[in-house]
Amino acid sequence: MGTTKEEEEEDELYGTTKEFKQLILSLPKVIGWRTPNLYLFQRFWCQPKEIQAIISAQTHFQAQDSDVIIATIPKSGTTWLKALVFAIVNRRGFRVDSLEHPLLRANPHDLVPFLEYKVYANDENPNLSNIASPRCFASHVPYNSLPKTMIRDNSNCKIVYICRNPFDTFVSIWHFMKKIRPTYLGPFSLEEAFDMYCMGQVGYGPYWDHMLEYWEESLKSPQKVMFFKYEDLKGDVHLQVRRLAEFLGYPFSPQEEKECVVEEITKLCSFQNMKSLEVNKSGKSILNFDNKGLFRKGEVGDWVNLLSKQMVKRLSQIMQEKLDGSGLEFPNVP
Ligand code: A3P
């Protein structure tokens, strides 16, 4: 017998404190994409287990000036950006052309852990002081829900953000969810998923609010927050890797340029290379999902193969409304 929805709902809150249960039960909820429910917490939609970890991170995380935080919208290129950042900031310890490079043996999510899925998932206050600097962490939460010690004025840690045009992001999430949605949750149609997405009811959504928050912070504090779009990386990854390294305080020296280190990094982290590695073909890293599900097509514009004319029209209108006047634009989408 498989798990029932009721059992799973109960399981969502199993082992949590009375206060936490009370908090969750007080939040607005809608049906979840891969769990029974999504809850509206601090103005974004989220699964309960992650909410608990996010609260722990907000309460206990102590940022160091040398920390790097990779903040992203799910399915916007997180795995890629984690790999690039890891390779850049650790290149003195791990030569990029080494056959022993950690990225050849481990998935980027194991090297740059998520605060909400890993670091604080099973430990309210883990000891992070022994991690060698620069420490790299990741999170999907909106800017204002990051731990305060990361975003307060006197913190010098760096935040690198990536999002993606909302059309391709939806398509990527849709394909991913089809792989990971437990069967006991019942069917979830494309139309239903798209409707929820447009209403912002998707993990860490609404995505327009998410990207605008980071966009505005990157304009206000360009030395602290660097804003990327997946499409930028696809457009000229060498240029973006140089910008990224500069921003992080690890610029490439003339000698490194001569030795083509930038090209080596982009090759190591390329979709084709990462997808072909054994660890990414057979391993698991986030929440016990197969790593291979993290590497699908890696293209810009795949939305044309899934979305109907009406869907495109609806999402275009939303983007126009939400992003209008912000200066944030996605080329090549209607
Ligand atoms: P598609 O589903 O469109 O193929 P995330 O890492 O945030 O979960 O994003 C997943 C998306 O990034 C997937 O998009 C995946 O194929 C793509 N991706 C993963 N690794 C990549 C890489 N090294 N280069 C380019 N795209 C990559």
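Modeller: Let's start with the space itself: the ligand takes up the largest pocket. A pocket here is an open set of points on a 1 Å grid over the protein atoms alone, with protein on both sides within 12 Å along at least five of seven lines, and a molecule sits in one if more than half of its atoms lie within 2 Å of its grid points. Bear in mind that this is a predicted model, where local features need pLDDT of at least 70, side-chain atom pairs count only at pLDDT 80 or more, and totals for chains, interfaces and linings use all residues. Residues are numbered from 1 along each chain as its sequence is written, and side-chain values use heavy atoms, with hydrogens and water left out.

Around the ligand there are 17 residues, and the closest are T78, T79, S172, K297 and G298; a residue is near if one of its heavy atoms lies within 4 Å. Sorted by class, that shell has 6 nonpolar, 7 polar (Gly is counted here) and 4 charged residues (Asp, Glu, Lys and Arg). Helix α4, residues 78–89, gives the largest share of the shell, with 3 residues. Helices are DSSP runs of H or I of at least four residues, strands are E runs of at least two, and both are numbered from the N terminus.

Now the polar side chains. T79 has a polar side-chain atom 2.5 Å from an oxygen atom of the ligand, T78 has one at 2.6 Å from a ligand oxygen, and for R296 the distance to a ligand oxygen is 2.8 Å. A polar contact is a pair of N or O atoms within 3.5 Å. Taken alone, the ligand exposes 560 Å², and the protein buries 97% of that (Shrake-Rupley areas, 1.4 Å probe).

Two peptide bonds are cis: S133 to P134, with omega near 0°, and G205 to P206, with omega about 0°. Most residues other than glycine have a negative phi, and most peptide bonds are trans. P134 lies in the loop between α7 (115–119) and β5 (136–139), while P206 is in the loop between α10 (190–198) and α11 (207–220).

How values were computed: Polar contact = N/O pair within 3.5 Å; in protein donor to acceptor, adjacent residues only side chain to side chain. 1 Å grid on protein atoms, 1.4 Å probe; cavity = no way out; pocket = protein on both sides within 12 Å on 5 of 7 lines; lining within 4 Å.
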